[in-house]
Number of protein chains: 2
Amino acid sequence: MWGIIATWRMAYEGIKKAEETLASGGMASDAIEAAIIAVEDYPYYKSVGYGGLPNEEGLVELDAAYMDGDNFDIGAVAGATNVKNPISVAKKLSEDTFNIFLVGNGVAKYAQKEGFEIKNMLTKRASKLYAKRVKEIHEKNLSPYDGHDTVGMVALDEAGKMVSATSTSGLFMKKTGRIGDSAISGSGFYVDSEIGGATATGLGEDLMKGCISYEIVRLMGDGMSPMEASEHAVNTFIDKLKRRKGKAGAFSVVAMNKEGEWGVATNVEFSFVVATKNQEATIYLAYPQEDGHAKIEVASEEWLLAYETRIKKPVE
Amino acid sequence: MWGIIATWRMAYEGIKKAEETLASGGMASDAIEAAIIAVEDYPYYKSVGYGGLPNEEGLVELDAAYMDGDNFDIGAVAGATNVKNPISVAKKLSEDTFNIFLVGNGVAKYAQKEGFEIKNMLTKRASKLYAKRVKEIHEKNLSPYDGHDTVGMVALDEAGKMVSATSTSGLFMKKTGRIGDSAISGSGFYVDSEIGGATATGLGEDLMKGCISYEIVRLMGDGMSPMEASEHAVNTFIDKLKRRKGKAGAFSVVAMNKEGEWGVATNVEFSFVVATKNQEATIYLAYPQEDGHAKIEVASEEWLLAYETRIKKPVE
């Protein structure tokens, strides 16, 4: 069996590439890196990599992580500036014993020394969206924070190896140096090749309160299906947060086990992408329901067209 | 009941202060912050705060975190430079909904704006130790990495509130921007006032592979004592790492539950400090044993004197 699952519609083009690699017996590590790079490189995805929305100072700061489910090796970067592909830096760091998680200026320094491509990650479009938002915040007295869609993936290859990876520009208009859950193992991602993996997207500040990805993998290890584990972990933690804190932010997770079975849970409308040996790359929509089970539908042509139009809409 | 437990001998003076606060009905949040500040401010503790050992460039970069076990609010800083008390910045951040985890330059920027004290955290002694180490590395072809003692604490107050906090300068000679587990929820610390809390010290790169603090709290929630939960989580994960990766770094954890009972587990010689309503502040030593249970002894006068001499020994 092989398979890959990812958060959000934006993962689709990358998942198509990964599908080819995995179907021809390629490695999960290569497939997931290429898939994340496809999202990082595409300028119209405004919450990941090139074209990602900037922080409150107008500077693009990126977070990414990579985890190997065979040996638990992790590499992560956070608050990275001017690095073309944060995921590749994270993956390289995962090979080391020490210094596997770098933040701030340390990331670009390391990336430069190691020969990674350095690039100004701010696009004209992102710059315009920033200027527009600054104006709106001043004029309408809005909260500065908006949007936090991380691309997160879990992949399984024919050899039985599982990996997980994430990449994000984080919260639009975040404070300089703010990081969310995406680079945090156990919260933004976790994977164990003998069980399965999970990855999360949503309000990082709340996701890291529950170690949600670790918990999903643990529940799968206890015998739950990826769907049961995702729903149980998310619903339990949202209930706990509501009871103890009064509210819970947006939470969406995807999971896959070592059999290539998958699951999803969310408390907001959420798109995701799956490809396995049994199923070609498909974009799904999940809608939260009262009973705690998401309603899952294949994304319609109409939805996909509206998405395409929305992400490319000129910025006025 | 009230209680507080902390990693390493260096916590003792802080724990004495916390003991007074907690014994007179004070809040765990105040007690733990004051206790961590005492460690951060003492110049001879070379792995936390002022006097902490610098990174490979000779710059002191600090990590700290604070967690509220009532509502899971978390605040964290990593790679912080020129901030006198990282723990106080982390605690302040925990009051916000967004931007609760800041890294790199973002920390000093925030601290400045919020009126926290800015200070060059490099002491003459730390600078000499750095110069000496650079020379040794060159002459003897040593590995640059050495020392990574985080002060981590879990506290319970008479009102039943539990909190956890950590502070560290991280790995001596680390790469610029390297962060470990101390600022990472679930790995370096976790606390739930309805169950208990745990905090870890050791090789952060390995600790974050297992979400060890979250797992200890979860096991206490399932009914284990702090000692059983600490031993089970640590031993299980060390075995898993050895099997899957071939080796495991240094791991030491302390835990306390809502009854004020405590536990410890370690795979290296490890000192820790406990004070509860039933027991005045005591420095213990834990020695790992073949059977997976640490041998625990009250630190002898001799050990304490040798410690005092060692930390103040002139740097040649």
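Predicted model: local features only at pLDDT ≥ 70, side-chain atom pairs only at ≥ 80, totals over all residues.
Me: Moving to H7 of chain B. Is the helix mostly enclosed or mostly open?
Reply: Helix H7 (residues 212-221) of chain B has 9 of its 10 residues buried, so the helix is largely enclosed by the rest of the structure. The buried ones run from Ile212(B) to Met220(B), including Tyr214(B), Glu215(B) and Arg218(B).

Me: What do the buried residues of H7(B) pack against?
Reply: Part of the answer is in the other chain: helix H7 (212-221) of chain A. Within chain B, the partners are strand E7 (189-192), strand E8 (196-202), helix H6 (204-207), helix H8 (226-245) and strand E9 (251-257).

Me: How does H7(B) lie relative to those strands?
Reply: H7(B) lies across E7, E8 and E9 of chain B, at about 150° to E8(B). Just after the helix, Gly223(B) has a positive phi of about 115°.

Me: In what order do the strands of that sheet come?
Reply: The order is E7-E8-E9-E10 in chain B, an open sheet of 4 strands with antiparallel pairing. E7 and strand E10 (262-266) of chain B are the edge strands, each pairing on one side only. From one strand to the next the twist averages 10°.

Me: How many bridges join E8(B) to E9(B)?
Reply: There are 7. As one example of a pair, Thr201(B) has Ser252(B) in E9(B) as its bridge partner.

Me: New topic: at what angle do H2(B) and H3(B) pack?
Reply: Helix H2 (residues 28-41) and helix H3 (residues 86-93) of chain B pack at about 150°, with axes 8 Å apart. That makes H2(B) roughly antiparallel to H3(B).

Me: Which residues meet there?
Reply: From H2(B), Glu33(B), Ile36(B), Ile37(B) and Glu40(B); from H3(B), Pro86(B), Ile87(B), Ser88(B) and Lys91(B).

Me: What about E11 of chain A, buried or exposed?
Reply: Strand E11 (residues 270-276) of chain A has 7 of its 7 residues buried, so the strand is largely enclosed by the rest of the structure. Phe270(A), Phe272(A), Val274(A) and Thr276(A) point one way, while Ser271(A), Val273(A) and Ala275(A) point the other way.

Me: Which strands are joined to E11(A)?
Reply: Strand E1 (residues 3-7) of chain A pairs with E11(A) in the antiparallel sense over 5 bridges, and Ile4(A) has Ala275(A) as its bridge partner. Strand E12 (residues 279-287) of chain A is also antiparallel to E11(A), joined by 6 bridges. A hairpin of 2 residues connects E11(A) to E12(A), and Thr276(A) stands opposite Gln279(A).

Me: Last one: which residues touch the most others in the largest nonpolar core?
Reply: Met153(A) and Met153(B), in a core of 210 residues. Among the residues that Met153(A) touches are Ile4(A), Ile32(A), Ala165(A) and Thr199(A).

How values were computed:
Residues numbered from 1 in each chain as written. Chains lettered and ligands numbered in written order. Buried ≥ 20, exposed ≤ 12 C-beta atoms within 10 Å, placed from the backbone. Contact = placed C-beta atoms within 7 Å. Core = buried A, V, L, I, M, F, W, Y, C linked by C-beta atoms within 7 Å. Pairing = 2+ DSSP bridges. Axes fitted to C-alpha atoms, helices over the stretch in contact; angles between N-to-C directions. Parallel < 35°, antiparallel > 145°, perpendicular 65-115°, else oblique. Lists of a residue's contacts leave out its neighbours within four places in sequence.
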